[in-house]
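Open the model in your viewer and get the selection tool ready.

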Amino acid sequence: MPTINTTFVPADIDATDLAQIEPLYQELLDRSVTSAAELETWLVDRSELDAACSEAAALLFIAMTCNTNDEAASKAYTHFIETIPPKLKPIAFELDKRQAKLASELDLNSARYEVINRDTEADVKLFRPENVPLETELAKLDQKYDTICGEMMVTYKGDEKTLPQMGVYQESTDRAVREETWRLVADRRLQDAQPINAIYDEMFGLRDKLARNAGFGSFTSYAFKAKHRFDYTPEHCFAFHEACEKIVAPFARRLDEQRRQKLGVETLRPWDMTVDELGREPLMPFDGGADLVSKSVAAFESLDPRLASMLRELGAGDGRVTAQNMKNPPLLDLDSRKGKAPGGYQYMRDRSRVPFIFMNAAGLHRDLETMVHEAGHAFHSMLCIDEPLLHYRHSPIEFAEVASMSMELLTMPHWDAPGSFYEGKPSDHARAMRRQLESSVTLLPWIATIDAFQHWVYANPTHTRDQRTQEWLSLDKRFGKGFSWQGLEQYRDSGWQKQGHLFGSPFYYIEYGIAQLGALGLWIRSLEEGPKVAIDAYINALSLGGSRPLPELFAAAGLDFDFGPKTVEKLVARVEAELAKLPE
Ligand SMILES: [Zn+2]
């Protein structure tokens, strides 16, 4: 990997200040570039400047999500988002055009620059000025969808609650509570089914127009290019659908049948799908962020000391981002507390090349899953820090999620290691592993449902609402779970509307399916060839960042880039066999 040092961007630049960054971007537009060597320097300079801007946004985002009550932090983030990216977008497009032109004129090392060149070329070719207002229109429609969903509240036992807040009642061991709360939520969604249908009607029409303006026959081919999907086609996605229909959905239904028997109910209903089958209390494997980190380190130590030492570099897990340290925050902010945004994420600070992990740990097993997942993203970031090009320090989601999802599976047998979560608790450990293995495959048919739905929508740009509903119902039959919809048909028709990706990020979702198959493949390697071989392959592949096409990233991990029945059959058979070995 070429190491090119650059002092183009001053170390102390304030990238939230347009007056400091704009002249540097202008310099890149004006600079004379006449040789491949000069172009390589230009690329690294641009990369450092982009990284400085990205890091400025990261720090503001981190400060805001860690202190939602801090008005100054939230104002600073909003101000940045509203002023800097809109100004930089047109400059970035001019730079892309220049970069694509220079790359084709000057003789760059073709293997090294293959990926960045094809991505930049695609972005330049897709751009149409007449599409800018259509994109704005689409963004507004998506906002409208978010607003409608965000305003959905229900009253339960006298309290106003959001729909996500209602989720906890699906874990209640009282079936009547589950049914009542499920129906409250479903009724609330149904009230807005028609306005949401209207938004989607407008969206797919606009997207079809966008694609035709850019010279494509359909939004599908446009979206594949815009998403830089050069290494797979709709046919690969159809093979994934077939595998989910023929192999995964039947397996998931067998699990559902086991669930029905364990719950002791005659017919499984939609409100029976989340509760613990044996009516047990939730697992509470740790207490506080520092305990979470030390138990995670113990599991990684038992899996592979190289991973444990990377996790240790992030700190003890007892830090928190405050108004005082937000410019140079600790690397972990884990504990749930008032004034923290929901969820979990890993955010690489692109210039200083230091990762940050955010989560809301409350002591539950799912926090452990989040921790090892986000740690996988952090390992990915850390293994790429010597790569000079920002574009190559991040990989496409199809592989980035292999880095994280595989850690959930590979650490699993080590959750009972000395000092780790389930040391001396074999039945809790087995329960946690069962949950992990089951969930690693049962989401796949839903991913296929959403992906197949979108392929149908954009292949049929003149469809009616009624046809869309019929298509949804046939997909739900093809991939759906093993519970009965009897008497609930009115809710089933609009089941797709809760998947926000359909609105804001079309065609985005199958990436998680592709990555999950890769993670399972790596897990099987660890079972068959030992963890050392699997982690060698993992580190080898992650170190490539995004510098190679997807099939090569998978190959570097010893995985086939295939998501059809042949691959899926082997993975599901192994999951089923391993599940059978676990005690209840
Ligand atoms: Zn992730």
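Select Phe224 and Phe507 to begin: both are buried (under 20% relative accessible area, with a 1.4 Å probe and protein chains only). This is a predicted model, where local features need pLDDT of at least 70, side-chain atom pairs count only at pLDDT 80 or more, and totals for chains, interfaces and linings use all residues. Residues are numbered from 1 along each chain as its sequence is written, and side-chain values use heavy atoms, leaving out hydrogens and water.

The structure holds 37 aromatic pairs (Phe, Tyr or six-membered Trp rings with centres within 6.5 Å). Phe224 and Phe507 make one that is edge-to-face (planes over 60 degrees apart), at 6.0 Å centre to centre and 70° between the planes. Colour by position and you will find Phe224 in helix α9 (a DSSP run of H or I, at least four residues), while Phe507 sits in the loop between α20 and α21, 283 residues away.

Next, show Tyr345 and Phe358, a stacked pair (planes under 30 degrees apart) with 4.7 Å between centres and 10° between planes. Tyr345 belongs to strand β4 and Phe358 to strand β5 (strands are DSSP runs of E, at least two residues).

Last stop: Glu408, in helix α15. Among its contacts (heavy atoms within 4.5 Å) are Trp415 and Gln436.

Notes. Buried < 20%, exposed > 50% of the residue type's maximum accessible area, 1.4 Å probe, protein only. Lists of a residue's contacts leave out its neighbours within four places in sequence.
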